[in-house]
Amino acid sequence: MIEMVPSSWDGHGARLRLRPPRALTRRQFVMLFVALSGAMWIVAMLGWWGGNAFAPAFAFLHSAIVATALRALWRSGDRGEDISIGPDAVEVTTSVSGAVFRAHPYWVRLCIERDGERISLASSGRQVQVGNFLGPAERRELADRLQDLLAAASGRNR
């Protein structure tokens, strides 16, 4: 998901916030876990009633594994990137490691590799990939936006 955020540079420049797309809300994730574990516990209780004494133990173990997997999936959607493009600097900040790239917009190159599969910003021998978690159509949109914003910030669009 590409979101345009108002910039902090007195109306000059732009800021893009990139986040991975989420299909479900937090409540829907909880309901998914309840439905999956509920169906599993029903089958486990039928197995226990049929004579399998270990079915509840395996159901408990399976519930823990499903809960852990869904939690890890939800947390992976919390990552994101902020790309700030202003008249004085281009900054890339990730939610995991903070600021990872800063350069003057005139010297920043937009590199689009493998038909838009990899997008990166480069300057002075440093390079940072952006939008790796976006889908192909969103990456093409990101490349177009970055190209326009970098041209406007560096004065190359005149």
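## What lines the largest pocket

The lining of the largest pocket is made up of seven nonpolar, no polar and three charged residues (Ala, Val, Leu, Ile, Met, Phe, Trp, Tyr, Cys and Pro count as nonpolar, Asp, Glu, Lys and Arg as charged, and the others, Gly among them, as polar). This is a predicted model, where local features need pLDDT of at least 70 and side-chain atom pairs pLDDT 80 or more, while totals for chains, interfaces and linings use all residues. Residues are numbered from 1 along each chain as its sequence is written, and side-chain values use heavy atoms, leaving out hydrogens and water.

You can find the lining at R26, F29, V30, F33, V66, A67, L70, R71, W74 and R75. Two elements, α1 (26-49) and α2 (55-76), each give two or more residues to this lining, and α2 supplies the largest share, six residues. Helices (H or I, at least four residues) and strands (E, at least two) are DSSP runs, numbered from the N terminus.

A pocket here is an open set of points on a 1 Å grid over the protein atoms alone, where a 1.4 Å probe fits, with protein on both sides within 12 Å along at least five of seven lines; lining residues have an atom within 4 Å of a point. The volume of the largest pocket is about 220 Å³, counted as the space filled by probe spheres set on points joined across faces, edges and corners.

## The overall layout

The protein has three helices and eight strands. Starting at the N terminus, the order is β-β-α-α-β-β-β-β-β-β-α. Its C-alpha trace spans about 80 × 30 × 25 Å along the principal axes.

## A link between strands

There are eight salt bridges (a side-chain nitrogen of Lys or Arg within 4 Å of a carboxyl oxygen of Asp or Glu). One of them joins D82 and R15, with the closest N and O atoms 3.0 Å apart. Because D82 lies in strand β3 (residues 81-85) and R15 in strand β2 (residues 14-18), the pair ties together parts that are 67 residues apart in sequence.
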